[in-house]
Amino acid sequence: MENKINTTLEKIQANIEPLRQEIIQHKVYGLINDLEDLRIFMEYHIYAVWDFMSLLKALQINLTCTSIPWFPVGSGNTRALINEIVAGEESDLDALGDKKSHFEMYLDAMAQCGADTSAIGRFLDALKSAETMDAAYELAGTPAEAREFVDFTFQVIHENQAHVQASTFTFGREDLIPNMFLTMVNDLNQKFPDQLSLFKYYLDRHIEVDGDHHSHLALEMTAELCGTNEAHWLAAEEMSMESLRKRIRLWDAAYQAILSRRNKAKI
């Protein structure tokens, strides 16, 4: 059984690889060459950083008991896997040694870089005030492609199928940061250390934790939830691929926004 599951995992990874490569080799990374370009990119990316946390918490709700009275839910193995990932994502150490979520660390990096955090702030404030997602988007002026990205994530959340949530989390949201982007950030950080040190730390930490340890935990979690159910694996692959397509559209939008900024600067 284990060999069959491993074979299925490998098949999905092979099938989604073209989309992963399209993201990893996306033209937006090569376009970013100054702080203003990076700020625009971050203002799009922050929505993906936020809804990643929402997807993570949906998994924790499905795989563990988060209500009172407490009862054991699911298997101890999946409980351990998701709780370990949540602890790392929700209360990691920031550059100063304080406990923060990766989302909060990203916001700190945006503030240091000079990126606009007011839009995502208005979006979250609206949701805290029980506004609908559509109303929150309007209040924040959220780009259409970011709306599509978040809406897809919440579609996965609301369908409430743990195996689909886990596979989208694992295959559609795994580490997708290419070396060329890291090199660019490192080069800019040498020129502007007072503005990019927190973003460099975030990326380094993201790769160290999310791209290595957490990705292995997520694979194990997905394998256990899908098991030998072929329908589960089919849904896992389809939704993972759609998640990657939404990421490509988000990156396309960031690319066009950077180009638009440059063209306006020439006028």
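Leaving aside its neighbours within four places in sequence, which residues is S243 in contact with? They are F149, F152, T168, G172 and R173, where contact means heavy atoms within 4.5 Å. The model is a predicted one, in which local features need pLDDT of at least 70 and side-chain atom pairs count only at pLDDT 80 or more, while totals for chains, interfaces and linings use all residues. Residues are numbered from 1 along each chain as its sequence is written, and side-chain values use heavy atoms, with hydrogens and water left out.

S243 belongs to helix α12, residues 230-266. Helices here are DSSP runs of H or I with at least four residues, strands are runs of E with at least two, and both are numbered from the N terminus. S243 has a relative accessible area of 2% and is buried. Buried stands for under 20% relative accessible area, exposed for over 50%, and partly exposed for what lies in between, with a 1.4 Å probe and protein chains only. K246 is also found in α12. At 18% relative accessibility, K246 counts as buried. Not counting residues up to four places away in sequence, K246 touches E148, F149 and F152.

The buried residues of α8 are A146, F149, V150, F152, T153, F154, V156 and I157. Just after this helix comes N160, in the loop between α8 and α9 (162-172). N160 is not a glycine, and its phi is positive, near 60 degrees. Most residues other than glycine have a negative phi, and most peptide bonds are trans. With a relative accessible area of 49%, N160 is partly exposed.

Helix α9 holds F171. This residue counts as buried at 1% relative accessibility. Leaving aside neighbours within four places in sequence, F171 is in contact with L9, I12, Q13, I16, L219, T222, S240 and L244. The C-alpha atoms of F171 and M42 are separated by 22 Å, and the two residues are 129 residues apart along the chain.

One of the contacts of F171 is L219, a residue of helix α11 (residues 193-226). L219 counts as partly exposed, at 22% relative accessibility. Not counting residues up to four places away in sequence, L219 touches L9, Q13, T170 and F171. Between the C-alpha atoms of L219 and D34, which are 185 residues apart along the chain, the separation is 36 Å.

Another helix, α5, runs over residues 102-113. At 1.5 Å a residue its 12 residues should span 16 Å, and the end C-alpha atoms are 16 Å apart, which agrees. Buried in α5 are H102, F103, M105, Y106, A109, M110 and C113. Seen down the axis of α5, these buried residues fall within an arc of 160 degrees, so they line one face of the helix; the arc is that of the directions from the helix axis to the C-beta atoms. An α-helix has 3.6 residues a turn, so residues three or four places apart point the same way. Just after α5, G114 has a positive phi of about 95 degrees.

P69 lies in the loop between α3 and α4 (76-90), and the peptide bond from I68 to P69 is cis, with omega near 5 degrees. A130 is placed in the loop between α6 and α7 (133-140). Although A130 is not a glycine, its phi is positive, at about 70 degrees. A130 counts as exposed, at 68% relative accessibility.

The second largest pocket has a volume of about 160 Å³. The elements giving two or more residues to its lining are α3 (35-63) and α6 (118-128), and α3 gives the most, with five residues. In total 13 residues line this pocket, and E43, Y47, A119, G141 and P143 lie nearest its centre. A pocket is an open set of points on a 1 Å grid over the protein atoms alone, where a 1.4 Å probe fits, with protein on both sides within 12 Å along at least five of seven lines; lining residues have an atom within 4 Å of a point.

Notes
Points joined across faces, edges and corners; volume = space filled by probe spheres on them. Expected span 1.5 Å × (residues − 1).
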